[in-house]
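Subject: Structure for you to look at

Hello,

Here is the structure I promised to pass on. Please open it beside this email and follow along as you read.

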Amino acid sequence: MATDTTDTRDDSRPDGYVQPQVDVPILRTMLDGKYAEVRDLVRRNLVEYAAILEDQERLSTDEYRDRVRDLVVEMAESGQSGMGFPEEYGGAGDIGASIAAFETLAFGDLSVLVKAGVQFGLFGGAILQLGTKRHHDELLEDLVRGRVLGCFAMTETGHGSNVQALGTTATYDVEAQEFVIHTPDDLSRKDYIGNAARHAELAVVFAQLHVAGESHGVHAFVVPIREGGKVCEGVRIEDCGPKLGLNGVDNGRIWFDQVRVPRTALLNEFADVTPAGVYESPIDNPNRRFFTMLGTLVQGRVSVGGAGINAAKVALTIAVRYALQRRQFEATSDDREDLLLDYGLHQRRLFPLLARTYALHLMQQQVAASLHDVFSGTLSDEHSRRELEARAAGTKALGTWLATRTIQECREACGGAGYLSENRFAALKADTDVFTTFEGDNHVLLQLVAKGLLTDYASEFEDIDQLGMVRFVAGMAVDTVLEKTSVHKLLERIKDVLPGGDQWDQEAGLLDPNYQLAMLRFREEHMLGGVARRLKRGIDAGHNPGEVFSRCQDHVIRTAHAHVERLILEAFVDRFRELPAGGERVAVGLLCDLFALGCIEDDAAWFMEHGRLTTTRSKAISAEINELCRRIRPIARELVDAFGVPDEMLRSPELLGEYPGA
């Protein structure tokens with residue numbers, strides 16, 4: 001892609017390559033996007049609260065939790081954390097701004113980030129999206145300002161991601177006009193609930209609604225769990241205890257013993273119970289009602305995905321700056337030890353992750369923009385909403401996996417220095433590890449992505465569960481999927497955008513974005529057709545749908561992963577093409593090429609198995625990746641500085657001075 005621009009050429013040089021001059025503020029403006037002012041506000045607040053990075057090491061657990069709470073309340077009072085709420089309740093009415101603020105908060109202490117996410121994203125989001133005006137008037141202003149703290153009590157010990165099977169019950173007592181919230185057994189206790197163990201006064205509790213002896217599925221209720229700092233009667237709370245990380249967040253377990261709440265405690269945007277005990281809902285289908293309710297909570301997944309990507313930025317900033325100071329071994333003839341970043345292997349370890357972080361950042365911007373459009377009403381059709389849910393799920397999965405992988409690689413790349421707490425990797429590793437499993441286990445989320453692909457976001461999409469998906473795919477939809485994804489059809493459609501006819505994959509330039517996109521599109525659609533065939537064969541043979549799906553799960557996950565990577569590359573290419581000529585455009589082009597070729601190299605065996613890659617071509621891709629890393633090396637500092645991680649968030653004193661020249 002870098003070869004698309006004339007400002008990369010110098011015919012007087014043997015390789016004809018001119019090193020781009022990168023202006024960090026310009027590149028940062030591109031990355032920050034329309035919410036640059038919001039991100040800068042959060043950066044300034046992070047600097048003001050920088051001491052929290054040391055508090056987790058010197059304070060007791062209770063003291064640290066209280067300090068985290070205090071910071072969250074201070075942020076609430078400043079307005080930083082309430083940007084997504086309506087203006088009449090103290091917010092800014094801008095969901096996109098709230099996502100930008102939350103992502104940037106991930107540069108700092110992640111217990112503060114998660115505590116804020118529970119209060120404003122989960123608890124506050126449930127009140128806003130599932131409640132109606134009576135709940136908004138009663139609660140929103142106080143929770144936006146941090147005057148009322150709450151928690152989001154969905155997860156149970158025995159049910160995990162299977163929300164439809166929750167055991168907690170809410171039974172309507174028509175005479176008292178109250179709901180009775182009850183935990184029937186220990187498997188139905190609310191587990192791992194942030195804010196519950198120490199600070200929450202209210203809980204949004206998800207429970208099976210029973211009215212007049214009939215079950216209506218899972219609904220949400222506002223339930224007091226503390227008054228005046230004391231646990232309410234009928235409520236039992238236990239601390240989950242020390243965790244791998246995020247010990248500034250007070251996770252707890254909650255039991256309810258016949259706890260009574262008024263009829264108005266039901267968050268009734270999608271269903272209500274009349275005083276006489278009549279259940280009413282504008283959505284007749286119970287499955288559709290359930291998935292519509294959960295779909296309103298997609299903001300949590302978008303937020304966590306962005307937080308993971310930003311945590312990866314912190315790790316890369318530390319590792320690259322360290323590698324520009326640390327010298328080891330004399331590999332050249334100038335009698336000086338070489339900088340770590342001058343070694344090809346070090347570049348190979350860090351720069352593909354740097355490129356992937358840029359790529360996911362740009363994809364995250366698209367997802368956040370879609371979230372804003374859908375929830376502000378700019379896009380109101382069901383297809384857009386379902387597509388948002390799938391893209392949010394996929395970006396969250398790949399973004400949080402990126403964080404885990406990047407932080408570990410960067411820690412190793414810093415050697416023993418990376419093992420010191422002051423260099424932040426201890427906290428980054430511990431605090432982000434859970435990102436891959438909260439707000440949805442990543443493998444479960446990728447199954448959601450595949451579900452949307454296989455059903456093409458049909459009207460039945462929100463109505464069907466896992467087994468229903470198998471039956472749906474095996475029915476009328478499968479013929480369309482199979483026809484569209486036949487190898488012959490794929491080659492015919494894809495080669496239209498490339499010169500080279502039937503040999504397009506062998507003749508196109510490696511840095512041609514059309515070639516790169518064609519490779520990822522072919523992989524995705526070929527995999528999708530393969531999944532559809534396997535599901536159809538299993539159903540046609542009379543096998544149990546659950547068993548059929550279980551046998552195909554690995555294929556399903558790989559298909560979803562391929563789909564999300566294709567979307568990410570498209571977002572990267574689109575952004576590159578929008579940039580004006582200059583060093584920043586060249587730099588983004590180098591990273592885009594590196595990401596694209598890295599995707600192909602990582603899955604080279606698949607492309608070879610399916611005739612899209614020869615061994616010679618595969619070797620050429622690996623060589624090109626090495627060359628891209630060499631070209632990125634002189635601008636590596638500028639590329640990580642463009643992330644805008646404040647120096648105060650890096651902690652390590654060795655990183656704050658000017659790095660020696662290469």
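**Helix α12**

The buried residues of α12 are F425, A427, L428, A430, D431 and T432. The model is a predicted one, so please keep that in mind throughout. Helix α12 spans residues 425-432 and is mostly covered, with six of its eight residues buried. What do these buried residues pack against? Their partners are four helices: α3 (52-58), α6 (110-130), α9 (299-323) and α11 (382-413).

**The chain as a whole**

Now step back. The chain has 23 helices and 13 strands. It runs to 662 residues, and 60% of them count as buried. Look next at contacts with a separation of 6 or more: residues 24 or more positions apart account for 74% of these. The chain exposes about 26000 Å², and carbon and sulfur atoms supply 48% of that area.

**The cores**

The largest nonpolar core has 181 residues. Which residues have the most contacts inside this core? They are F206 and Y358. Pick out Y358 on your screen. Leaving aside neighbours within four places in sequence, Y358 touches L27, L31, F572, L591, L639, A642 and F643. There is also a second, separate core of 29 residues. Among its members are I193, V205, L209 and F221.

Find the open sheet of three strands, in the order β4-β10-β9. Its pairing is antiparallel. The edge strands are β4 (190-193) and β9 (235-239), and each pairs on one side only. Neighbouring strands of this sheet are turned by 20° against each other on average, direction ignored. Two bridges join β4 to β10, which covers residues 252-256.

**The cysteines**

A disulfide is a covalent bond between the sulfur atoms of two cysteines. How many disulfides does the structure hold? The count is zero. A disulfide needs the two sulfur atoms within 2.5 Å. C410 is also buried, with a relative accessible area of 0%. C592 is in no disulfide either; the nearest cysteine sulfur, in C599, is 9.7 Å away. C592 counts as buried too, at 0% relative accessibility.

Best wishes

Key:
Residues are numbered from 1 along each chain as its sequence is written. This is a predicted model: local features need pLDDT of at least 70, side-chain atom pairs count only at pLDDT 80 or more; totals for chains, interfaces and linings use all residues. Side-chain values use heavy atoms; hydrogens and water are left out. Two strands pair if DSSP finds at least two bridges between them. Axes are lines fitted to C-alpha atoms, for helices over the stretch in contact, and angles run from 0 to 180 degrees between N-to-C directions. Buried means under 20% relative accessible area, exposed over 50%, partly exposed in between (1.4 Å probe, protein chains only). Contact means heavy atoms within 4.5 Å. Accessible areas come from the Shrake-Rupley method with a 1.4 Å probe; for residues, only the protein chains shown count as cover. A nonpolar core is a set of buried Ala, Val, Leu, Ile, Met, Phe, Trp, Tyr and Cys residues joined through side-chain atoms within 4.5 Å.
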